[in-house]
Amino acid sequence: MTKDDVLKMVKDQNIRAIDIRFMDFPGIWQHFTIPNSELDENSFEEGLGFDGSSIRGWQPINASDMMVVPDPSTAKIDPFFEETTLVLIGNIVDPLTREPYSRDPRYIAQKAEAYLKQTGIGDVSYFGPEAEFFIFDNVRFDSRRNSAFYEVDSIEGIWNSGREESPNLGYKPRHKEGYFPVPPTDKYQDMRTEMMLTLEDLGIAIERQHHEVATAGQAEIDMRFKPLVEMADQLVWFKYVLKNVAYKYDHIVTFMPKPLFEDNGSGMHIHSSIWKDAKPLFAGDSYAGLSQMALYAVGGILKHCKALCAITNPTTNSYKRLVPGFEAPVNLAYSSRNRSASIRIPMYSMSPKAKRIEFRTPDPSCNGYMAFAAILMAMIDGIQNKMNPGDPLDKNIYDLPPEELAHIPSAPASLQEALGELQNDHEFLLKGDVFTRDVIEKWISYKMNSEVMEVFRRPHPHEFFLYFDI
């Protein structure tokens with residue numbers, strides 16, 4: 001859709017409200033709304049102003065003015081607002097230089113797509129994330145100087161099997177047994193279907209929806225693969241739709257990776273491939289039907305995985321999920337079909353068009369624009385430098401003897417460790433000016449000061465259980 005198409009749509013459908021949206025640095029969608037009288041041809045050239053100092057990780061207060069330029073190709077009607085509202089996703093620019101803003105996550109993703117074409121390796125990169133999430137019916141939390149607690153609850157939670165519910169009708173999936181019984185054990189079929197169909201109505205193609213492994217409403221809805229920036233745009237719509245449909249039902253959707261102790265966390269397995277001239281480049285006659293290029297791409301992800309985790313697993317909570325025993329791929333290896341490897345080669349179809357690699361370490365707390373861009377840059381680096389991924393590991397990694405397991409590298413054990421890895425390994429991200437040093441430095445400092453240290457400095461509730469009687 002062009003700017004002329006958008007303006008005609010606003011006029012023909014008498015749309016009176018236009019919502020302008022963009023992604024902040026850590027990965028939360030932001031917005032403001034203007035009347036239709038404020039949207040004209042100039043809006044798509046000059047943009048609309050806002051306070052960049054109030055956006056996390058962006059401008060200081062003495063240089064706060066920023067502009068957001070709507071992208072007409074992103075136009076969609078919001079499915080939740082009472083007044084018919086057109087939504088436009090925008091790109092951030094500096095009002096003085098008119099240059100794109102280096103810390104705009106969408107711009108980083110656009111540069112990654114452009115760099116792929118510049119290398120001549122391919123002309124499109126496809127991404128298909130499987131974002132898992134939890135549906136809860138109650139959440140309470142607080143963090144004070146003298147107290148801290150959290151509590152999530154769900155009628156599906158197995159811990160409520162003995163609760164007086166007047167009446168308690170049972171059918172609560174046991175820990176790690178939520179994949180995937182029919183109703184009445186699965187209590188959120190209709191809600192997930194509404195989420196799926198709302199996404200379809202927005203033009204977002206969906207492959208399936210289902211309950212996931214954990215108790216208490218863990219679920220998954222899979223989008224059909226799309227080019228990098230388009231998929232990153234879709235991912236923010238995806239989170240927005242799921243949260244708002246659940247809110248309508250007086251429920252909560254969270255993409256927090258590990259809200260439950262000793263049950264499966266929520267990952268975001270990311271399927272990716274590179275094409276050129278409408279032909280898939282990852283299909284071949286090497287291991288698991290991959291091409292040599294695809295194996296080099298695997299080698300790039302494995303080489304840089306520890307640094308990637310600072311972007312693909314960007315919260316302190318992410319590393320509560322990355323522990324052995326809960327399907328989370330901690331060990332850095334690749335395999336066909338084996339879900340205990342950090343990179344899996346799906347074998348559902350032998351069609352060359354379906355040949356892809358599945359990076360299983362990431363989780364849905366990430367900023368999709370930056371995560372997809374970083375993964376593509378790692379794949380490109382692997383291809384350019386012909387990084388051999390070594391031999392595949394077709395065993396259950398969790399069953400390996402300690403002496404064999406010791407030779408397999410592991411994902412970082414904490415966000416602090418991952419940020420340290422990114423500090424030491426980020427040159428591959430700087431190619432093509434996709435990620436700038438400013439972005440890397442700000443990402444590390446923001447995460448360390450605003451998240452890692454804030455969690456590190458606070459007493460943990462379990463420490464009282466362990467130590468209060470010392």
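Asp381 (D381) counts as buried at 6% relative accessibility, where buried means under 20% relative accessible area, exposed over 50% and partly exposed in between (1.4 Å probe, protein chains only). In this predicted model, local features need pLDDT of at least 70, side-chain atom pairs count only at pLDDT 80 or more, and totals for chains, interfaces and linings use all residues. Residues are numbered from 1 along each chain as its sequence is written, and side-chain values use heavy atoms, with hydrogens and water left out.

The side chain of D381 forms a salt bridge with that of K431; the term denotes a side-chain nitrogen of Lys or Arg within 4 Å of a carboxyl oxygen of Asp or Glu. This pair links distant parts of the chain, 50 residues apart: D381 belongs to helix α7 (residues 368-384), and K431 to the loop between α10 (427-430) and α11 (437-456). Helices (H or I, at least four residues) and strands (E, at least two) are DSSP runs, numbered from the N terminus. K431 is partly exposed, at a relative accessible area of 25%.

The whole structure contains 25 salt bridges, including the following.

| Pair | N to O distance |
|---|---|
| K431 and D381 | 2.5 Å |
| D19 and R21 | 2.7 Å |
| R140 and E151 | 2.9 Å |

R140, in strand β8 (residues 138-143), and E151, in strand β9 (residues 148-153), tie together parts that are 11 residues apart in sequence. R140 is partly exposed at 42% relative accessibility, and E151 is partly exposed at 36%. In the pair of D19 and R21, D19 is buried with a relative accessible area of 0%, and R21 is buried at 2%.

A network of salt bridges links D153, R163, E165 and K172.
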